[in-house]
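Good morning, and thank you for the time on today's agenda. I would ask you to keep the display in view while I speak.

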Amino acid sequence: MLNNMLAMILNQFSIALMGLLVSLALLALVWPLIVRYIIHLSARSQKNALWLFVATPLVISIMCVLVFLPPLSHSESWRWLTRYAHWHHPGAFDLDSWHSVILFGFFLGVIYVLARKGLLAIRHLNSLYSLNRLTKSATKHSKTRQDFVVLDCEAPSAFTAGIIYPKCYVTTGLIERVSKMELDIIIAHERAHIKHKDTRNRLLFALFASFYPRSVVRRLNRMFSLATEQLADAHVGKSYCVCDIAQTLVKAARIQRFSAERVAHAGMNYFIGAEIDLRVRALIVPQVYRSFPLGTSLTLLALTMIVSFAAVDGLHHLIEVVFSH
Amino acid sequence: MILGELEKRVLQYLWEAPEVDAKQVHGALTKRRGGSLNTIQSTLDRLFKKGLLTRQKRGHAYCYRAKVGKEELIAQLIQDVTGDFIGKGEDSLVAAFSSFSVGLHDEQLAQLEKLIQQQRQLRSQGDDDAE
């Protein structure tokens with residue numbers, strides 16, 4: 001049994017973890033209802049709502065630590081709250097307890113997820129580094145600009161990649177098949193991703209979202225990705241006709257579809273069909289969006305927080321029906 | 001896959017030469033910049049292990065040949081870069097202009113084109129009315 005500063009810190013982590021798990025479970029339960037509302041918001045509001053959704057469990061877990069431990073839990077003005085939400089042993093931690101098993105199990109899980117994602121990110125960056133190295137010599141005399149790289153490749157593709165210094169990449173296979181205006185639209189779209197720091201945001205969002213169950217994570221990442229694409233489309237819409245942007249989008253999809261049947265090593269990404277359909281419709285068909293539900297979001301946040309505070313102690317007692325410290 | 005500067009130069013040389021051994025690569029690449037035969041041999045070995053070269057023993061030495069062409073290697077690297085970070089379809093580290101859509105058929109693309117055309121007409125009618 002530990003009765004020192006380390007015990008205090010381990011208890012804080014235990015409280016944070018229980019707050020996190022309870023709020024994740026609650027939000028994952030209401031996710032099907034939330035998603036029905038989010039899809040009717042504008043791309044910008046969707047992005048904000050999704051950030052709020054993935055950040056809420058972490059905020060709640062930090063709030064739990066603040067509420068459950070001294071000095072707040074000893075404060076007179078917070079006594080009404082600590083009646084429902086309290087931690088029985090803030091200064092003592094038993095390494096043989098179920099707290100310890102859950103806490104170290106969670107740490108191991110986090111280390112595994114971070115290591116797996118870190119390795120994938122390193123592999124991604126290594127390939128990007130090699131790609132830059134190969135294309136420097138390929139295009140040094142002509143089209144390369146600081147944030148724009150032309151790739152000598154038959155497969156039609158255009159993408160933005162890079163976490164710290166993102167660049168947009170367009171293959172010669174795509175350049176040869178589109179008009180000057182269409183290419184300008186494609187490059188403007190990719191530059192919008194650079195301006196909005198989308199590659200970095202997607203990585204951060206994916207890390208925040210990774211605490212949720214896999215089915216929720218998939219939908220969250222896909223929705224976030226779609227919102228960033230729609231915002232990049234909207235940014236290009238300030239300089240070009242939206243019909244031209246939509247036409248370019250359909251043409252690029254058609255070129256990629258045609259090329260996929262011919263080029264075995266085509267460098268492409270696989271999205272669901274609805275993505276392009278939704279992007280085109282969002283561009284050209286006048287949409288009526290719901291406004292960001294600030295009141296509903298704050299109420300849901302407050303409710304989740306209160307239930308999580310109460311559930312930390314309730315869960316503690318429930319587990320101790322089976323396991324003792 | 002990561003390619004060093006020397007690996008890139010060796011590959012570029014091999015994309016133009018038919019089949020060469022380490023001595024020939026050393027002779028061609030180190031005239032200006034220097035470097036030992038051992039460095040070239042280990043670079044060729046690394047590229048072979050990465051699956052970018054094939055080799056055959058001729059006497060005491062290996063003769064190397066490029067296994068993948070430049071364009072094919074670039075396509076492979078694009079695939080690595082744009083490959084999903086988390087899972088199929090999530091694509092979080094790359095923002096692509098347009099992605100190949102598994103469920104999108106030619107008819108659906110044609111429908112979208114028709115919709116765009118209708119919107120163009122509506123907008124041009126609106127402009128005419130405004131004038």
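A word of caution before the details: what you see is a predicted model.

Let me begin with the division of chain A. Chain A falls into two parts: domain 1, made of 1–96 + 293–325, and domain 2, covering 110–291. Where these parts touch, domain 1 of chain A supplies 16 residues and domain 2 of chain A supplies 17 residues. Which elements give two or more residues to the side of domain 1 that touches domain 2? They are α1 (5–38) and α2 of chain A. The largest share of that side, 8 residues, is contributed by α2(A). By class, the side of domain 1 of chain A that touches domain 2 has 11 nonpolar, 3 polar and 2 charged residues.

I turn now to how α2(A) meets another helix. Helix α2 of chain A spans residues 43–68, and helix α11 of chain A spans residues 294–322. Their axes come within 10 Å and cross at roughly 45°. On the α2(A) side, the residues in the contact include A:Leu52, A:Ile60 and A:Phe68; on the α11(A) side, they include A:Leu301, A:Met305 and A:Phe309. In terms of class, the contact of α2(A) with α11(A) holds 10 nonpolar and 4 polar residues, with no charged residues.

Helix α11(A) also packs against α1(A). The angle between α1(A) and α11(A) is about 125°, and their axes are 9 Å apart. That angle makes α1(A) oblique to α11(A), and the crossing is right-handed. From α1(A), the contact draws on residues including A:Ile15, A:Val22 and A:Leu26. From α11(A), A:Thr304, A:Ser308 and A:Val312 are among them. By class, the contact of α1(A) with α11(A) has 9 nonpolar, 4 polar and no charged residues.

Next, a helix pair from elsewhere in the list. At what angle do α7(A) and α8(A) pack? Helix α7 (residues 198–209) and helix α8 (residues 214–236) of chain A pack at about 160°, with their axes 10 Å apart. Because of that angle, α7(A) is roughly antiparallel to α8(A). The crossing of α7(A) and α8(A) is right-handed. Among the residues that meet are A:Asp198, A:Arg202 and A:Phe205 in α7(A), with A:Leu220, A:Asn221 and A:Phe224 in α8(A). This contact of α7(A) with α8(A) divides into 6 nonpolar, 3 polar and 2 charged residues.

Finally, I come to chain B. Chain B has an open sheet of 3 strands in the order β1-β3-β2, with antiparallel pairing. Helix α1 of chain B, residues 5–16, lies across β1, β2 and β3 of chain B, and runs at about 80° to β3(B).

Note on methods. Residues numbered from 1 in each chain as written. Chains lettered and ligands numbered in written order. Predicted model: local features only at pLDDT ≥ 70, side-chain atom pairs only at ≥ 80, totals over all residues. Axes fitted to C-alpha atoms, helices over the stretch in contact; angles between N-to-C directions. Helix = DSSP H or I, 4+ residues; strand = E, 2+ residues; numbered from the N terminus. Contact = placed C-beta atoms within 7 Å. Nonpolar A, V, L, I, M, F, W, Y, C, P; charged D, E, K, R; others polar. Domains from an automatic or database assignment. Pairing = 2+ DSSP bridges. Parallel < 35°, antiparallel > 145°, perpendicular 65-115°, else oblique. Left-handed = near helix turned anticlockwise from the far one by under 90°.
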